[in-house]
Amino acid sequence: MTHREVLGCSTNEDECVLAIGANRLDVEGPGVQHRSLWGHMFQTSILRASVSERALARLGTVVQQKYRIVRLLGVGGMAAVYAATHRNGHRVAIKFLLERFSNDPDICHFFSREACVANQVGHPGAVPVLDDDVDEEGCAFLIMPLLEGQTLRTRWDRANKRLPIDEASVLMLDVLDVLASAHGNGIVHRDIKPENLFVTAKANVCVLDFGIARYDTSRPPRAGDLRTSRLARAGELRAPAELDPQVSTVRHLFGTPAFMPPEQALGELTAIGPHSDCWAAGATLFTLLSGQFVHRASSGGGPEAALHAATRPARSLADTGAETVAKVPEAMIRFIDKSLAYDPRNRWPSAREMRAGLLQALEDCLDEPVAHAIQRIRAELVAELSPEETLPGDRLRHYARLFTAQQMLRKEP
């Protein structure tokens, strides 16, 4: 299940969880595949039917005597996300940590820290976490706005795994704008991929799931900060070893190998920075345009993909086949190739500079001014993604809104 209406649920089986120690990877739980990797063990978490069944058991229940669970939106490697209705009628999304992780303090930390990290991004494209708490049974959960629209993965699937170059590029401009704000506030996302990018009914892109982001804890705490959250005060959060590169104990790394930069796949924590998110954004654009992953692996995840991500330079978009080369101009190929450089020093140094580079590549690729293309794409997305009403009067207003969508967007700065 890849379609979502809410922030922060990874519904893709390619998501990997690594517990890296000095000499081995500790692997637990059912459905785990083992493969040797430089003398370590590698773990891939597989979504089980039993997990979905347990998630469905929450339907109809009431959380904290005020949130009624009405629909299961998705189940991922760490969490299940539901649509819920507050007792005052307000609709929200609730993200619950899966029960099997409830007793793992590090996993609980990474889940709960999303409650505050997303709120530090300082951009409307990072959906806020409205509340964080534990339910009557001690399971941690987050409250978030319920979004209307679809993930970029869903759009890609429905487009036969090849998005038009103008649409993919315009959406990526939004992603890079959010990342520039995040990086400016000391946050590196570390899991940019189509599943974590949500296109709203208003044609804006939201970056989802900041639960595994790297956050600069040396900054002074402020309202909504990780260290002042309710779960932190309740003792549910603690600083894991991963946040301190000097600690040599077991660390937890999360990510999706198909969109993971080399330094992250190698576990080089001190080498991860804004350039790492730029690599993942380039890999995302590579996949959206070509229908292929950067590395020639059997799938988007698993030991083979992780090995390739760590050890092999990314191939050029020009090497993905004649069909891609015929549709993607050389300027865009050069832009993506720079994004995917193995050496971080040869990549775009920041999301802001990468966004400027993408705008320049678009100018070289399109037959219309970039500003016009952006307005056109957004108007088309608004028309496509606006929810359908059922009452005749509402339907008339709906079509009137679609008819004037482009005119309204042209008035925006």
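In what order do the six strands of the open sheet with antiparallel pairing stand? The order is β4-β5-β6-β7-β9-β8, where helices (H or I, at least four residues) and strands (E, at least two) are DSSP runs numbered from the N terminus, and two strands pair if DSSP finds at least two bridges between them. The model is a predicted one, in which local features need pLDDT of at least 70 and side-chain atom pairs count only at pLDDT 80 or more, while totals for chains, interfaces and linings use all residues. Residues are numbered from 1 along each chain as its sequence is written, and side-chain values use heavy atoms, with hydrogens and water left out.

The edges of this six-stranded sheet are β4 (62-63) and β8 (131-134), each of which pairs on one side only. Further in, strand β5 (residues 67-75) and strand β6 (residues 79-86) run antiparallel and are joined by seven bridges, with Arg71 standing opposite Ala83 in β6. Helix α2 (residues 105-117) lies across β6, β7 (91-97), β8 and β9 (140-145), and runs at about 25° to β9; such angles run from 0 to 180 degrees between N-to-C directions, the axes being lines fitted to C-alpha atoms, for helices over the stretch in contact, and contact means heavy atoms within 4.5 Å.

Strand β7 holds Lys95, which is buried at a relative accessible area of 3%, given that buried means under 20% relative accessible area, exposed over 50% and partly exposed in between (1.4 Å probe, protein chains only). The side chain of Lys95 makes a polar contact with the side chain of Glu114 at 2.8 Å; a polar contact is a pair of N or O atoms within 3.5 Å, of which, within protein, one must be able to donate a hydrogen and the other to accept it, and residues adjacent in sequence count only if both atoms are side-chain atoms. Lys95 and Tyr82 are 13 residues apart in sequence, and their C-alpha atoms are 6.4 Å apart in space.

A second open sheet has three strands in the order β10-β12-β13, again with antiparallel pairing. Its edge strands, β10 (149-151) and β13, each pair on one side only. Three bridges link β10 to β12, and Thr151 has Phe198 in β12 as its bridge partner. Helix α4 packs on this sheet, touching β12 and β13, and its direction makes about 40° with that of β13.

The largest nonpolar core has 64 residues, of which Phe210, Leu285, Leu289, Met332, Phe335 and Ile336 touch the most other members; a nonpolar core is a set of buried Ala, Val, Leu, Ile, Met, Phe, Trp, Tyr and Cys residues joined through side-chain atoms within 4.5 Å. The largest share of this core, twelve residues, comes from α4. Apart from it lies another core, of 29 residues, which includes Ile69, Leu72, Tyr82 and Met144.

Two further helices can be followed from here. Helix α7 (residues 274-290) has 17 residues, 16 of them buried, and reaches 24 Å from its first C-alpha to its last, close to the 24 Å expected, the expected span being 1.5 Å times one less than the number of residues. After α7 comes Gly291, with a positive phi near 75°. In α10, the buried residues include Met332, Phe335 and Ile336, and the buried residues of this helix pack against α4, α7 and α11. Leaving aside neighbours within four places in sequence, Ile336 is in contact with Gly282, Leu285, Phe286, Leu289 and Leu317.
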